[in-house]
Amino acid sequence: VWDGKTRGGGPAGWRCSWPVGGGGEPMRVDLDVDASGAAEACNGEGRRSAADVDAGHDVSEDAGAAATEAPLVEVIGGATAGVWFRPARPSRSARPEDADASDEAMVRLSSSALCLGIPHPAVLCEPPAIAAVRLPELPAHFELRIPRSVVDTGALSSPQVETVAYASLRFEDKLSDGARAGYLLGDGTGCGKGRCIAALLLDQWHRGRRRSVWISQSADLFQDAKRDFQDLGVQLPLHNLACIPPGKKCLPDQGVLFLTYSLLVSGGKGGRGKQRESRLRQVLSWLRVDSTRGSGLLVFDEAHRAKNLCDPDNRNGTGTRTGLCVDRLQKLCLDCGVLYASATSATEAQHLVYMSRLGLWGLGHPSFTSFKALQRHLERGGLAAAEALAVRLRSLGAMSCRSLSFQGASFETVLTPFGQAEREQYDAACALWRDVLTALRQAAKDPRLARLETQRGAPSTSRFFWAAQQQFFKSLLVASKVPEAVRLTRAALASGEAVVLSLWSTHEARMKHKLRHLATGDAVGEEVSGPEMILEHLLEVHFPTTDRGGRPVEWAADAAQHFNERLKALRLPPNPLDSLIAHLGGPACVAEMTGRSHRLVRVGSQLRLAARKSGQSGVESANVQEQRSFQSGAKRVAIISEAASSGISLHSDRRTAPAQGVMPRRRCMICIELPWAADKALQQFGRVHRSNQASAPRFLMLVSPARAEARFVSAVAHRLRLMGAVTRGDQEAPLEGGGFTKADDLHGQYGQRALEALLKAVRNGSAPPCRLAEVSTLHSHWGGRWPRFARQARVQFEAAEMEPQAPGRPWGAQRGGSNAGDVPCMNRFLNRLLMMPCDMQACLMETLLLVLAAMRHRDQESGCLADEGLRSLAKHFRARSAERVLNEPLVGAKLALTTIRLDLGLSWEEALAQSTRSAEDSFEGFFLSCSTLWWR
């Protein structure tokens, strides 16, 4: 009840009382809570802790000697929800009782060794380096300001309680500049980050910080935010900024303000500067109404949206508008805690720059006074330094990085058919692009033709050409997978599964340009081809055909017309997205969750341009309705693109079982097209693999026989390893849950060395450092003669602008790259490979992989394997000695360097026993190693 004046003349507040049963007579505890949150509970005989009240323990006569802070009762939605919760376990174990280290790659667990609560509904896992970290002790008196009922009912599991507890504790710390510290919620997709966010907002609300901001990626996730609070059984004022007009007078007095990153950077109708900061200023004025330092919690959900922020110490640098707005919010609201929530927070060291509240750098930092200093240290240390950084954050209690175990899930790579007709079509497209490049070179030398110039004065045609060339062949390879994707989808539906197909490109921009003269509902004469539209747009916009006066130059105009005729003659496949929907039953059977506004639908015998409208009134988007149709079972096939690749749930959710009357169907995700970014690839996989799922999903990754597709697989695999090192403390962690292996990464040190050796062998005609007998394509098409192949390969490279560079630079290195001769060289080689005939691609890639494997094998034998990062030593390794070399105190942790001598392998007795069990004809004897390496 509300009491205008509490006992003793105290301030006004809530007055609550409840009976407490013990071993003797019932006892009543009266509790006065003032408006600021202070509380005092007195019963004349002492005070009771929240754990005592919850457990129903009796209070003895001498209980007053051990006085503790009284429990608080918060009235939420008009009802008493329970007492505050003390998360720490009475006794601490080294690791969770259910931890399973049988898997050398990851350590599986379901409970926290430090915090109370029920096990997580799904099996979680951590990299061994992270699982071995000993977290700081939770203070015994520390209480989470969330009702005990939230934990007792299982709304938060034990690992989630641990995350919320350490994050809440972290928000009470101050950095050297006086700002509240931040926490990185880096748990993988589907681990329940939304409930952790809701619990932390509730905790901060009960600490008197009544104005918080929740920024997420999509407006559709507002419904998920409401659901997260409902799942906790609590109600907080949650306001959608999209429904509030600009202007601070319209904002509520208190609560949680939900908005998207796109809304954060948008504005009104004023000038350009005002348009960029209007909504940002609105949010800032609301947060800072009581204090110029702000108060509350800043939640950056899907925080990786801000990763492309420039170095804040470099005033001449530039960054994305999203990154700049996120950085400004943190700088102007120093008294707001900051929560970075993302399963893919950083892919490279430079992406850490927006997480300034983690305390990794800054004035007063003992090691790194600026972000540049930290970045140089991480780049110099490689993957091992990035992994050590993640371990450091975990040891400070500033990060959680669990992920769902893929136990029960299956990954399968499916090689799609690529018949003779498809090969001839691909080779003809390569010839067409080479001729277009030759014509563009000729146009650049013709003084009559008008050419586009960039701001730096360099011709822009070449840059646009190579970008379009890459998009064209990637789209062509994706389109070639459609028939196999349709076949696999129908087979999965027949076996009782629900299917999610993942694409990345919708080609809406090119389709809008091509069909700009048509209105909604008009008939389209023929199917639209995605690859065809890409080359058409290049020829229309970036191929010069007129002089500066606008008069056509005959040879250029004829060449453009000839190229368009050859393009039509190729009869390229239609847009993959529209083709998939048409083959799988149309919009009535397929839930499309993309960002496009229009699509082509077949009405009778005609194709028509139709709008993707919401079928119901209200603010819900078409994607939300399609998601509900798929999750309810009304549609068993879903297609997602970038717009639906984060935040939403498409898994076999157990909560849908009562509505459907049966258990939800198992999910089968068919990955047709990989995105460029590693974080987006993992986000896509996480749509169907989440907590509380009835069954683990099945993943099918479609790969075409064209070996140049390694360009896209390698880019993702390389960035997955970097991201795993930075955010998981283990470069192999994301590969374990993405169906990739270390062999898919061609962008590392060995990839560069192998490429240099391959290009040198092509240039000189000498044999590469590998066994050419294993290069099957060389024998089937060039008779096993490397010089003959090298001559033809040089012609292809020169046609693709891969001529030898200046002395001292690797052959094929890209000029002007920040790391010239390293990753840019591999990127350029793989890009140019797309424009080569299929047989040439196969021979080059086979040779490159063999050279790379041979180099790794040699270094492994000699003990010089490069940049392997942190290693987990197997149980059978025996430590012979350990010497403490360095012990240096750091901020909140200690760093020790220890030299360890290990015995690896078998003991003499074990080896002798194995030799006696071996067959006499297979036992060769024992060999004495002359190596002095420590693992021999």
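## Terms and basis

A residue is called buried when its relative accessible area is under 20%, exposed when that area is over 50%, and partly exposed in between, using a 1.4 Å probe and protein chains only. The model is predicted, so local features need pLDDT of at least 70 and side-chain atom pairs count only at pLDDT 80 or more, while totals for chains, interfaces and linings use all residues. Residues are numbered from 1 along each chain as its sequence is written, and side-chain values use heavy atoms, with hydrogens and water left out.

## Glu-497 and Arg-698

Glu-497 is buried, at 7% relative accessibility. This residue forms a salt bridge with Arg-698, with 2.6 Å between the closest N and O atoms; the term denotes a side-chain nitrogen of Lys or Arg within 4 Å of a carboxyl oxygen of Asp or Glu. Because Glu-497 lies in the loop between helix 13 (482-494) and strand 19 (498-502) and Arg-698 in strand 26 (residues 698-703), the pair ties together parts that are 201 residues apart in sequence. Helices (H or I, at least four residues) and strands (E, at least two) are DSSP runs, numbered from the N terminus.

## The network around Glu-172

In all, the structure holds 35 salt bridges. Those that share partners join Glu-172, Lys-174, Arg-180, Arg-209 and Asp-335 into one network. Glu-172, partly exposed at 34% relative accessibility, pairs with Arg-180 at 4.0 Å, N to O, and with Arg-209 at 3.0 Å, N to O. Arg-180 is buried at 10% relative accessibility, and Arg-209 is buried with a relative accessible area of 11%.
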